[in-house]
Amino acid sequence: MIRDRGKKKWQSAFFMPEHVKMLKQISYDDKKQKKPQLDEQEFEEIGFIVMESLNYAIPIKVTIWQNGFFQAISGIVAKVDMLMKYMLFDSDGEKRKILIEEITAAERL
């Protein structure tokens, strides 16, 4: 008596753990986005908003680009270090170091 197992017979035979890992990595890489190039006017506007938050403790929302993905963070700028090109951002009581080159947008809340 011959029993046909249908697709079960071949389903797991073609996907080795390395293949599954590679397919997940390809899917992850497809979701990445390119970093936008800011012109001088956009960079100046971001600078004004950041300095306003630093001087007057105004909450802002900063959009940063890291490893192909965008992330929005809300809070107040605690410190800007132009020599080392980073700023300390106080978000919900926790300080976060953000590189200036990662910033793609800033807006007042």
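Good morning. The largest pocket of this structure has a volume of about 180 Å³. The model is a predicted one, in which local features need pLDDT of at least 70 and side-chain atom pairs count only at pLDDT 80 or more, while totals for chains, interfaces and linings use all residues. Residues are numbered from 1 along each chain as its sequence is written, and side-chain values use heavy atoms, with hydrogens and water left out.

A pocket here is an open set of points on a 1 Å grid, where a 1.4 Å probe fits, with protein on both sides within 12 Å along at least five of seven lines. Its volume is the space filled by probe spheres set on the points.

Which residues line the largest pocket? They are Leu38, Phe43, Ile46, Gly47, Val50, Met51, Val80, Met82, Met87, Ile100 and Ile103, where lining means having an atom within 4 Å of a point. By class, ten are nonpolar, one is polar and none is charged; in this scheme Gly counts as polar. Helix 3, residues 40–56, supplies the largest share of this lining, with five residues.

Let me place that helix in the chain. The protein chain has three helices and five strands, in the order α-α-α-β-β-β-β-β from the N terminus. Helices (H or I, at least four residues) and strands (E, at least two) are DSSP runs.

I turn to the core. The largest nonpolar core has 13 residues, and Ile60, Val62, Met87, Phe89, Ile98 and Ile103 touch the most other members. Helix 3, strand 1 (60–66), strand 2 (69–81), strand 3 (86–91) and strand 5 (103–108) each give two or more residues to this core. Such a core is a set of buried nonpolar residues of the kinds Ala, Val, Leu, Ile, Met, Phe, Trp, Tyr and Cys, joined through side-chain atoms within 4.5 Å. Buried means under 20% relative accessible area, exposed over 50%, and partly exposed in between, with a 1.4 Å probe and protein chains only. Of the 109 residues of the chain, 21% count as buried.

Ile103 belongs both to the pocket lining and to the core. Beyond residues up to four places away in sequence, Ile103 touches Leu38, Ile46, Val62, Thr63, Ile64, Met87 and Ile98, a contact being heavy atoms within 4.5 Å. Across the chain, 50% of the contacts between residues at least 6 apart in sequence join residues at least 24 apart.

Two lysines deserve a look. Lys35 lies in the loop between helix 2 (17–30) and helix 3. Is Lys35 buried or partly exposed? Lys35 counts as partly exposed because its relative accessibility is 32%. Outside four places in sequence, Lys35 contacts Trp65, Glu101 and Glu102. Its C-alpha is 6.9 Å from that of Gly68, 33 residues away in sequence.

Lys97, in strand 4 (residues 94–99), has 55% relative accessibility and therefore counts as exposed. With neighbours within four places set aside, Lys97 is in contact with Tyr86, Met87 and Leu88.

Finally, the backbone. Ala57, in the loop between helix 3 and strand 1, has a positive phi of about 55° although it is not a glycine. Asn67, in the loop between strand 1 and strand 2, has a positive phi near 55° and is likewise not a glycine. Ala57 is partly exposed at 47% relative accessibility, and Asn67 is exposed at 62%.
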